[in-house]
Each structure stands twice: as C-alpha cells, then as structure tokens.
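Subject: Structure handover and notes

Hello,

Please find the structure below. My notes on it follow.

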Amino acid sequence: MGDFTVALNPPKTFRSDNLLSTTNRISPAARGFQTSLAFKPRVFRGIRASVMPREGQPQQQQQQASSLGDALVNSPRRNDVVEAIGRTASLSNCLSETNLHATVPGLESKTRGKVRDIYDAGDYLVLVTTDRQSAFDRILASIPFKGQVLNQTSLWWFERTKHIVSNAVVSAPDNNVTIARKCSVFPVEFVARGFVTGSTDTSLWTVYNKGVRNYCGNVIPDGMVKNQKLPKNILTPTTKAADHDVPITPDEIIERGLMTRADYVEASEKALSLFEYGQQVALEHGLILVDTKYEFGKANDGSIMLIDEVHTPDSSRYWIANSYLERFQNGLEPENIDKEFLRLWFKSHCNPYEDEVLPDAPEDLVCELAWRYIFLYETITKSKFEVPLTEEPIHDRISRNVASALSSLK
C-alpha cells in the first residue's frame, strides 16, 4: 500500500513523552453502518450523504443496486471495454515503467514504488500512476488502463473530501499524473476496516482466524465469521519494514517516535471520518466500501494533509451491497469488484510470498481486472471512462504534459 511513503524529502520524526492509552481512540462520529446496510445520517459542512435503507428505498435505487451484479458480468459496456483492450493492443502496451528524469527538464531523481513512479521536482513531487499490479508485496502483472483509472478515481475523491481534510494535490496535467506539494510524510498507513475479511497475511480475517482478538489496539469479539460486519469501524495501522506492511498499535507508533500523540489522534479521526463518508457515498451507488487505507503528511504550516490515493480499487475493497446479506447468510463470498479475485488466483496457484518466480496471470483475468477497475470508476463517479488514444506513445504524451505543467509552476 502506498508510494508517498517513499517521498524524496525524508519524513521528520515527531516525538512526544505522552503515550496513547492502550485502547485505540475512535472518533465518536465514525460509526459505520448497520446490518441493514443503512447509514445514520451525518452532515459534513453542509454536505448530507443520503441514506439508502434496505427496505422502503425508492424503486429506482433498488433497481440500480440489484442490477450492479448483472452489469458487472453481462453489460454491453463490459464487451466494449474488452474490445477496446484488443483494439488498442493494450495488453502489450501497458505503462509498466517510466523514465521521465531522462525526458523532462527539472526532474532531479526517480523513486520506484509498487505502482507509482515518483519524481523530485524541487518543491513538488510528480507522481506517475503506472499499470503495474501489486499484491503480496510483489508485482503480479500489468493491467491495461489501470494507471489512468486509479489516478482519475483518486482525483475525484480528493476533490470531494476537502471538507474533511485538505490534500496535497496541485494539478493533474495528464490522465496518469498528479503533481503534489511536498510534505513530511508520516511513516504510518491508516487502514480502516468495517468487516472481518481478507486473504493476505495482515488481513483481519487471517489474523482473527488464527485466534487473535486484540489487533492493533482493537478488541474484536469472539464468534465472528469471515465477511461479517464489525460492531463499529476500526483502524489497524501499519508501518513499513523491508517493503511490507507491519501491523502496529497506537502506543507503539508514539513510543517509536513515528508520530506525536496529537498528530496521531488528529489523523486517526480524519481517517475514520473519511471512511464513513466513503461508505456513505459508495452505498448511494449500490456498493459497500469494506476497507481501505489512508496516508497523511504534514505541510510546512503544520497542518495535516491527505496524500497518496483515496478509495481506489487498489487501496480499497468494494462489495456489491444488494447481494451482500443473502450471500453472507448462505456462506458465499460477497460479489466484489476489486483485485481480491486476482489475489485468490495467485494463492491457489503458487505461494506468492515465498516463490521466487510467479506464474503469469492469465489474459482473461487481466482483462477482467481492467474491466472491474473501469466499472468501479464509472459506478462511483457516474462518468464514462475515456479509453486513451494510441496515436502518441504514452510515455511521450506524459513527458510532454509534465514538462508543460512544471514550466507553468516556475
């Protein structure tokens, strides 16, 4: 998760002698949604997310929610996207690597993250979202159009969450690029969870199934089963070690000097508010935002800013809301539109943590994931994803657009 943590200005160390209590502090307003999948109304500076109750909701909303599962599998739009992948030869022309420091004046160095290539541009960072697909701390494949989808999805959410927390975005000169203000990045990822689920070693279901009942300062009740909704939303922070995520408690974050107590409390409350707002917006569009992660940095004026990506299918898990309860009650996996199915394919065909060489992801799975990312973008934003033209090589296009944007910032 996350590439802002490799920002080119090293994060400052913020220390405090005051430690958090052993209980993770939860914002009183961040409550998650009820078993009926109905949120409690909440106002965010004049923005009131509408409530979609399971029963008595408008017929049009019911039809929208019930049709999402069919649209994911059978819609004509899916055929259009798959055809576009073939028509543009996208499987062989993915943006798997960039070298803008060799083509754009003023870029001083490059840092390669799991998905993003990050360039130092003085007071700014140039973040190029590639088509690389990561999981299990590995690069699994390259997914057509993925970089554009992730960048545009994040930009949509950044714009709509400014009433909760400011962000580092300066401009987006290209479909795959965001230019951001530099800041001191907190070396902690705030993982927000609403359900007991997941398949990775650090997922809540994996550790819960092993008997863990106190995870990252959160007490989880006995008797829960996979994919069950938690009593309330929680945060399970992680930090980086040897390129993988390591769970950590709030007390440990303070003790190690990764954040001050005040910064941790503020960032955790913002993370839970962002998660609740994201759940509300997702539910309005027939989706459940199951879990996600946030990263924050500190600006020169001391304010906390949201960085990296927001509510993308790379950083988040989404389920189709209308079918969740019935499938859960019948012991079936939820209908998901994120990358979980690709994770499960690799887990069933290899040991993705230990095998030195991984099998190639099948083309049909790659195309399916490309479609799911686009489907999620279009479902959330209610706008049509524009398949990029191929007349100009993508690296040339990005170089030209970034050079123009940086010249205007001087």
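Of the 410 residues in the protein chain, 58% are buried, where buried means under 20% relative accessible area, exposed over 50%, and partly exposed in between, with a 1.4 Å probe and protein chains only. This is a predicted model, in which local features need pLDDT of at least 70 and side-chain atom pairs count only at pLDDT 80 or more, while totals for chains, interfaces and linings use all residues. Residues are numbered from 1 along each chain as its sequence is written, and side-chain values use heavy atoms, with hydrogens and water left out.

The chain has ten helices and 19 strands; these are DSSP runs numbered from the N terminus, with helices being H or I of at least four residues and strands E of at least two. Among contacts with a separation of 6 or more, 69% join residues 24 or more positions apart. Contact means heavy atoms within 4.5 Å.

Helix α9

Helix α9 covers residues 363-381. Its 19 residues reach 27 Å from first C-alpha to last, close to the 27 Å expected at 1.5 Å a residue; the expected span is 1.5 Å times one less than the number of residues. Of the 19 residues of α9, 17 are buried, so the helix is largely enclosed by the rest of the structure. Just after α9, Lys382 takes a positive phi of about 60°.

Helix α2 (residues 76-87) packs against α9, with axes that come within 10 Å and cross at roughly 125°. Axes here are lines fitted to C-alpha atoms, for helices over the stretch in contact, and angles run from 0 to 180 degrees between N-to-C directions. The angle makes α2 oblique to α9; under 35 degrees counts as roughly parallel, over 145 as roughly antiparallel, 65 to 115 as roughly perpendicular and the rest as oblique. On the α2 side the contact is made by Arg77, Arg78, Val81 and Ile85, and on the α9 side by Cys367, Glu368, Ala370, Trp371, Ile374 and Glu378. By class these are six nonpolar, no polar and four charged residues. Ala, Val, Leu, Ile, Met, Phe, Trp, Tyr, Cys and Pro count as nonpolar, Asp, Glu, Lys and Arg as charged, and the others, Gly among them, as polar.

Helix α8 (residues 340-349) also has an axis that comes within 10 Å of that of α9, and the two cross at roughly 160°. That makes α8 roughly antiparallel to α9. Phe341, Leu342 and Trp345 of α8 meet Leu365, Glu368, Leu369 and Arg372 of α9. The contact of α8 with α9 has five nonpolar, no polar and two charged residues.

Pro144 lies in the loop between β7 (138-142) and α3 (146-160). At 1% relative accessibility, Pro144 counts as buried. Its C-alpha atom is 7.9 Å from that of Val366, 222 residues away along the chain. Leaving aside residues up to four places away in sequence, Pro144 touches Ile85, Ser90, Leu91, Cys94, Val366 and Ala370.

The axes of α3 and α6 come within 12 Å and cross at roughly 115°. The two helices are therefore roughly perpendicular to each other, and their crossing is right-handed. Trp156, Trp157 and Arg160 of α3 make the contact with Tyr277, Gly278 and Val281 of α6. These residues divide into four nonpolar, one polar and one charged.

In helix α7 (residues 321-329), Ala321, Ser323, Tyr324 and Leu325 are buried. What covers them includes β11 (188-196), β14, α6 (261-284), β17 (287-298) and β19 (317-320). Just after α7, Gly331 takes a positive phi of about 70°.

Positive phi in loops

Most residues other than glycine have a negative phi. Asp137, in the loop between β6 (132-135) and β7, has a positive phi of about 60° although it is not a glycine. Asn227, in the loop between β13 (218-219) and β14 (228-235), has a positive phi of about 75° and is not a glycine either. Are these residues buried or exposed, wholly or in part? Asp137 is partly exposed, with a relative accessible area of 34%, whereas Asn227 is buried, at 3%.

Regards

Note on methods. Left-handed = near helix turned anticlockwise from the far one by under 90°.
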